[in-house]
Amino acid sequence: MRHRVVRVAVVAVAVALVLFAVPLGVTIRSTYFAEERGALERQALAAALRVDPGFGVGDQVELPTAEADTRVGVYDTTLRLRAGRGPAAADAITRRAAHGGAADGQMGNEVIVAVPVASGENVIGVVRASVAAGVIWRRVVLAWLIMAALAGFCLLVAILVARRQARLITEPLEALSAASQRVADGDLTARAELSSIPEIRRVAGTHNAMVSGLTAAIEQERHFSANASHQLRTPLTGLQLGLDAALQDPSGDLRSVLEDASRRVGELHRTVEEVLALARLAPDQWLDAEVRPIGETVTDVERRWHGRLASEGRRLLVTLDSGVATFEVPASLVAQILDVLLENALHHGRGIVTLTVREIGETLALDLQDEGSIALAPTAIFDRGTSGGGGQGIGLAFARSMAEARGGRLVLAGVSPATFTLFLPSDPTAPVASPPPPAPSER
């Protein structure tokens with residue numbers, strides 16, 4: 001493209017130079033010939049003033065000194081050369097001047113001007129001045145060469161300017177093309193640099209916005225898949241354990257097993273719906289969820305996790321402050337956040353796990369604490385992909401996004417013992433302000 005831009009600019013300049021130079025060249029030629037005729041006429045008139053009235057009866061004529069390239073001659077009424085230089089017999093232009101008027105023209109290789117010499121009312125002779133046309137043409141050609149040199153210089157300058165401008169125009173486009181190619185190759189972090197040229201800057205801005213939207217959509221789908229797989233792991237495990245236990249005990253109550261399996265499938269269905277809704281949630285929207293008393297929600301969570309923690313030789317203690325059991329919360333969201341925190345405590349913590357539900361003014365606080373400690377930086381623990389063990393670093397990031405999607409906050413309240421606090425607004429329609437987390441006892 002750069003060569004095409006240079007070629008277009010050079011062609012445009014060349015056409016402009018030709019359109020300007022051709023008329024100028026013609027004008028120069030006409031001007032030089034006209035000036036030379038004027039000079040010849042002046043010399044002829046100067047010579048005519050030297051001719052005495054006695055010229056007709058044989059008096060001699062003293063002509064003024066002429067330029068080396070100019071021939072001046074005086075002709076009598078018989079049109080014969082009497083003085084100076086010129087052809088012996090008058091030519092057609094000289095004969096026209098003998099009739100009483102100045103004449104000029106070009107014959108052969110000469111430019112000629114002839115003026116009559118009068119005495120009273122009679123023409124007693126003709127002064128003829130001429131110069132070789134080649135002398136004039138040498139001046140014309142020299143002027144044309146100078147003009148051509150200037151045109152060549154202008155064309156060279158135009159080429160240099162065109163190359164620089166082409167580089168300024170094409171470099172942003174080449175960079176935009178390279179960024180697009182990197183995106184096509186899978187690098188969604190590639191962005192086009194914004195150019196100083198408004199049109200290209202708008203294209204680059206639109207390209208970056210498109211890539212950002214595409215990246216957000218892909219990340220949204222990836223997060224949905226990761227979140228769904230993470231959140232489905234625990235209920236699927238519980239469902240499988242229940243079914244395996246029923247298979248190992250054929251004499252057991254089949255109805256209760258099926259009811260438990262149906263309940264767990266319902267939980268799976270709600271989990272998928274909520275994760276999908278979270279993935280499609282707009283920034284100015286809140287995630288809808290059925291509200292239930294916190295006491296019932298915590299009881300369900302305790303029932304699900306008591307056995308799993310007990311199988312690892314660990315205890316789960318649940319404490320509710322007086323008056324908070326009827327506090328209504330988005331049950332499924334709170335349950336999923338607590339599932340994430342309990343899963344994290346099971347795999348990365350140690351000792352007794354304590355869940356405390358308390359009220360702080362208009363805010364409900366759920367503290368989940370174990371006897372372990374957190375080695376990760378508190379500022380990075382909620383970053384997706386950050387894990388202190390062999391995990392994928394999805395759970396805590398997902399739990400925080402679930403809390404914020406309903407107007408709550410999930411914070412790290414302490415690193416030793418490891419303590420996470422979930423803050424929920426007392427009014428489900430009003431978000432809770434971010435409370436400052438307590439200073440961890442260890443960093």
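## Cavities

The structure holds two cavities of 30 Å³ or more. A cavity here is a set of points on a 1 Å grid over the protein atoms alone where a 1.4 Å probe fits but cannot get out, and lining residues have an atom within 4 Å of a point. This is a predicted model, in which local features need pLDDT of at least 70 and side-chain atom pairs count only at pLDDT 80 or more, while totals for chains, interfaces and linings use all residues. Residues are numbered from 1 along each chain as its sequence is written, and side-chain values use heavy atoms, leaving out hydrogens and water.

Let's look at the second largest cavity, with a volume of about 40 Å³ (the space filled by probe spheres set on the points, which are joined across faces, edges and corners). Its lining is made up of Pro 330, Leu 333, Val 334, Ile 337, Met 402, Ala 403, Arg 406 and Leu 424. Seven of these residues are nonpolar, none is polar and one is charged (Ala, Val, Leu, Ile, Met, Phe, Trp, Tyr, Cys and Pro count as nonpolar, Asp, Glu, Lys and Arg as charged, the others, Gly among them, as polar). Helices H7 (331–348) and H8 (395–405) each give at least two lining residues, and H7 has the largest share, three. Helices (H or I, at least four residues) and strands (E, at least two) are DSSP runs numbered from the N terminus.

## Helix H6

H6 has a kink of about 35°, centred on Trp 305 (the angle between axes fitted to the seven residues ending there and the seven starting there). Trp 305 is also one of the buried residues of H6, as are Ile 294 and Arg 304. Just after H6, Gly 313 takes a positive phi of about 75°.

## Backbone details in two loops

Leu 79 lies in the loop between strands E1 (70–75) and E2 (81–84). Its phi is positive, near 65°, in a residue other than glycine. Leu 79 counts as buried because its relative accessibility is 19%.

Terms used:
1 Å grid on protein atoms, 1.4 Å probe; cavity = no way out; pocket = protein on both sides within 12 Å on 5 of 7 lines; lining within 4 Å. Buried < 20%, exposed > 50% of the residue type's maximum accessible area, 1.4 Å probe, protein only.
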